[in-house]
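Subject: Handover of a model, with notes

Dear colleague,

I am passing on the structure that you will be looking after from here. Please have it open beside this message while you read.

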Amino acid sequence: MTPSQRLPASLTPLDTALNALLDGIEPVAPVEMPLSDALRSIAAETPPLTAHPSHDIAAADGFAFCAHDLVGASSYSPLPLTAAPIWVEAGDTMPDGCDCVLDSDAVDATGPIVQVLAK
């Protein structure tokens with residue numbers, strides 16, 4: 001059950017205000033014109049945009065990770081990994097699920113357990 005709200009007489013309900021504002025407004029028909037005349041005009045249809053490149057690429061050499069999985073990792077509290085991280089070179093396609101690259105100094109792979117020492 002919603003309580004009924006009393007509006008002061010000075011306020012207009014939103015639906016009434018929108019109807020009054022939009023009364024008599026109709027879409028404008030698109031007009032074709034040369035590009036040189038189109039300055040300060042609005043495009044009626046915009047072509048779909050595609051990402052270039054179509055996939056994420058590594059910006060630096062290092063180990064690829066998901067940044068969310070590295071929360072809390074530090075040299076005082078290393079984060080042990082269950083699997084060895086994937087090495088990527090700058091310009092390589094990022095592996096699925098990875099969105100950041102850590103420098104080789106931030107990962108300790110010398111022992112039996114690979115650990116992240118920084119983020």
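What follows goes from the whole chain to its helix, its strands and a few single residues.

Please keep in mind that this is a predicted model, in which local features need pLDDT of at least 70 and side-chain atom pairs count only at pLDDT 80 or more, while totals for chains, interfaces and linings use all residues. Residues are numbered from 1 along each chain as its sequence is written, and side-chain values use heavy atoms, with hydrogens and water left out.

**The whole chain**

The secondary structure comes to one helix and six strands, where helices (H or I, at least four residues) and strands (E, at least two) are DSSP runs numbered from the N terminus. Along the sequence these follow the pattern α-β-β-β-β-β-β. The protein is more spread out than a compact globule, because its radius of gyration is 28 Å, well over the 14 Å that the globule rule gives for 119 residues; that radius is taken over C-alpha atoms, and the rule is 2.2 Å times the number of residues to the power 0.38. Taken along the principal axes, the box filled by the C-alpha atoms is roughly 75 × 55 × 20 Å. Of the 119 residues, 17% are buried, where buried means under 20% relative accessible area, exposed over 50%, and partly exposed in between (1.4 Å probe, protein chains only).

**The helix and its surroundings**

How many of the nine residues of α1 are buried? The count is zero, and α1 is accordingly described as hardly covered. After α1 comes G24, whose phi is positive, near 85 degrees. A nonpolar patch on the surface is formed by L14, L18, L21, L22 and I25, which together have about 530 Å² of accessible area. Such patches are made of residues with over 30% relative accessible area and no salt bridge, with like charges joined within 9 Å and nonpolar side chains (Val, Leu, Ile, Met, Phe, Trp, Tyr) within 5 Å. A salt bridge is here a side-chain nitrogen of Lys or Arg within 4 Å of a carboxyl oxygen of Asp or Glu, and the accessible areas come from the Shrake-Rupley method with a 1.4 Å probe, with only the protein chains shown counting as cover for residues.

**The loop between α1 and β1**

H52 belongs to the loop between α1 (14-22) and β1 (62-65), and H52 is exposed because its relative accessible area is 71%. The side chains of H52 and T50 are joined by a polar contact of 3.2 Å, that is, a pair of N or O atoms within 3.5 Å, of which, within protein, one must be able to donate a hydrogen and the other to accept it, while residues adjacent in sequence count only if both atoms are side-chain atoms. The peptide bond from H52 to P53 is cis, with omega near -5 degrees.

**The strands**

Two strands pair if DSSP finds at least two bridges between them. β1 pairs in the antiparallel sense with β3 (residues 86-88) over three bridges, where G62 has V88 as its bridge partner. β1 also pairs in the antiparallel sense with β4 (residues 100-102) over three bridges, and there F63 has L102 as its partner.

Three strands form an open sheet in the order β2-β6-β5, with antiparallel pairing. Its edge strands are β2 (79-80) and β5 (107-108), each of which pairs on one side only. β5 and β6 (residues 115-116) pair over two bridges, and D108 stands opposite Q115 in β6.

L81 is found in the loop between β2 and β3, and L81 counts as buried because its relative accessible area is 18%. The C-alpha atoms of L81 and V116, 35 residues apart along the chain, are separated by 7.5 Å.
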